[in-house]
Amino acid sequence: MQRKHAVIIGAGPAGLTAAYYFLKHTDIKPIVLEKEKFVGGISRTMNFRGNRMDIGGHRFFSKNEEVLKLWNELLPAQGAPAFDDKLLGRESVLTEGGANPEEVDEVFLNRRRVSRIFYHRKFFSYPISLSLETIRNLGLVEMFSIGISFLKAKFSQREENTLEDFMVNRFGQKLYETFFRDYTTKVWGRSPKEIGADWGSQRIKGLSLGKTILDFFKKTFGFKDGAGETSLIERFFYPKHGPGQLWEKLADDIKKLGGEVLTSTNVKSLHVVDKVVKFVRVESPAGMLTFPADYFLSSMPLAELADALDDGLNLRQLTIARGLPYRDFITVGLLVDKLLLENHTQIKTLGNIVPDCWIYIQEPAVKLGRLQIFNNWSPYMVASPKNSVWLGLEYFCNEGDDLWNMNEEDFIAFAAAELASIGIIKAEDIKLAVRVKVPKAYPAYFDTYENIGELRDALDEIKNLYCIGRNGQHRYNNMDHSMLTAMEAVRAIQSGDSSREKIWNVNAEQSYHEGKDNA
Ligand SMILES: Cc1cc2nc3c(=O)[nH]c(=O)nc-3n(C[C@H](O)[C@H](O)[C@H](O)COP(=O)(O)OP(=O)(O)OC[C@H]3O[C@@H](n4cnc5c(N)ncnc54)[C@H](O)[C@@H]3O)c2cc1C
């Protein structure tokens, strides 16, 4: 019998996981088609003169055993301290028999997460908590006015129609204006007045001023270990050379197992006859090519997939797909000699830089949303980690807006000036600067999203087509969720289950940790 084939659109975490699972668990041969020159999707690592950039800062974090097992199959955990921990005598979490990052590249580091809010040139804990530090930073007058506005909100609860109502009811007008309003607008490009209240209940679960006040008293009067910043510290896994390293390794393994991963291969259309996809047409360095297959798995954005299908959707379903909103993203890599910020924490770092992996920039005067400090993710991301700091300045925008349309030189000058204006660097300390644009970084839940079910039902009727991944499902999937959608799709094909329920159900109920960090 002839071997069956699966065409997989996109070599991000979802597409690569699907290919690997086909090879490991079925006789079906996968061919991954990737439009970019590189694999890893938005979880890639880019290399600029030995300084590696993670597009967004990707913590490897999952509650799913199957995902954790696959990650560990690909890269072993660290068994010896990393360069910075060794030099500084910092504590490391080591796995017996694990790899030594000072000797080999294929290793997962176990890193400490520190991330804080930067507001009025001071650091606040994230999520914002009522601590002596917060009171000191804001001052008694500001705290008093926050308290009064909180009490006012408690006694006159608004009807909750918008995200603003939701937040004001929980935090009071003043705290909402100080920490939530502008940042939410920065991230999503919409005022909380224009976002539904259900967004808040989905994303800000368990956070309220009442709970924060209780925590404060517990910590202050010693009922609970409230060792300041240490209560914020969590750990996460991170490949020595950033997230892309893991996806590059997976692509290599796929090729070794007999699968194909073709980069610079842009899927332009899918030919559908009687609700069955027959082939895809691609633009590639060899010209326009067609790839027939038995199964088609797509992690390309739903809006683009809908337009690429030459049959199977009616005008209403197409309109829903075309109306799905996205938030786009620009990041600027800056290599500097030093930061102007002082490290007042107990955590020792190379060059005594602040220990944060990333910082939420709440300064109202700048458009900058978040600042990554790659040295703290992995010292191996930086060519000279002892005497330079490799930063990622993150901007949230919309494709086609003024930020998006700026040329690279102007954008870098603008970003550097913003960072200097809030006292983080001196412009003359910059040694290297690059800009990276990431379209459709965030699938958003506005506009036609409320009717996405109709689009999904129509796509599910196409018998051999499976929607997987983040933009492939228009869902805030983290890497592990994207991988799980792929695993479920392969299982459905393997078992002959025609239902797509399990694939769409991944991450349908859980709250989204990366998203929560951003709002
Ligand atoms: C700022 C930011 C921070 C994040 N932080 C974390 C984190 O800490 N932890 C975490 O787990 N996740 C995080 N994520 C989420 C993570 O990046 C995604 O979940 C993951 O990359 C999604 O994988 P995917 O394969 O579904 O999609 P993608 O990574 O988007 O990959 C899809 C691929 O399809 C390709 N493609 C698209 N159209 C076509 C076409 N027509 N033809 C061929 N190929 C095509 C694309 O080029 C891309 O390579 C973060 C995301 C962002 C934006």
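User: Which residues are the closest among those that surround the ligand?

Analyst: This is a predicted model, in which local features need pLDDT of at least 70, side-chain atom pairs count only at pLDDT 80 or more, and totals for chains, interfaces and linings use all residues. Residues are numbered from 1 along each chain as its sequence is written. A residue is near a molecule if its C-beta atom, placed from the backbone, lies within 6 Å of it. Of the 35 residues around the ligand, the closest are Gly-10, Gly-12, Gly-41, Gly-56 and Gly-469.

User: How many residues of the shell around the ligand are polar?

Analyst: Ala, Val, Leu, Ile, Met, Phe, Trp, Tyr, Cys and Pro count as nonpolar, Asp, Glu, Lys and Arg as charged, and the others, Gly among them, as polar. The shell has 12 nonpolar and 7 charged residues, and its polar residues number 16.

User: Which element gives the largest share of the side of domain 2 that touches domain 4?

Analyst: Two residues are in contact if their C-beta atoms, placed from the backbone, lie within 7 Å. The contact takes 14 residues from domain 2 and 12 residues from domain 4. Helices (H or I, at least four residues) and strands (E, at least two) are DSSP runs, numbered from the N terminus. The largest share on the domain 2 side is 4 residues, and it comes from α3.
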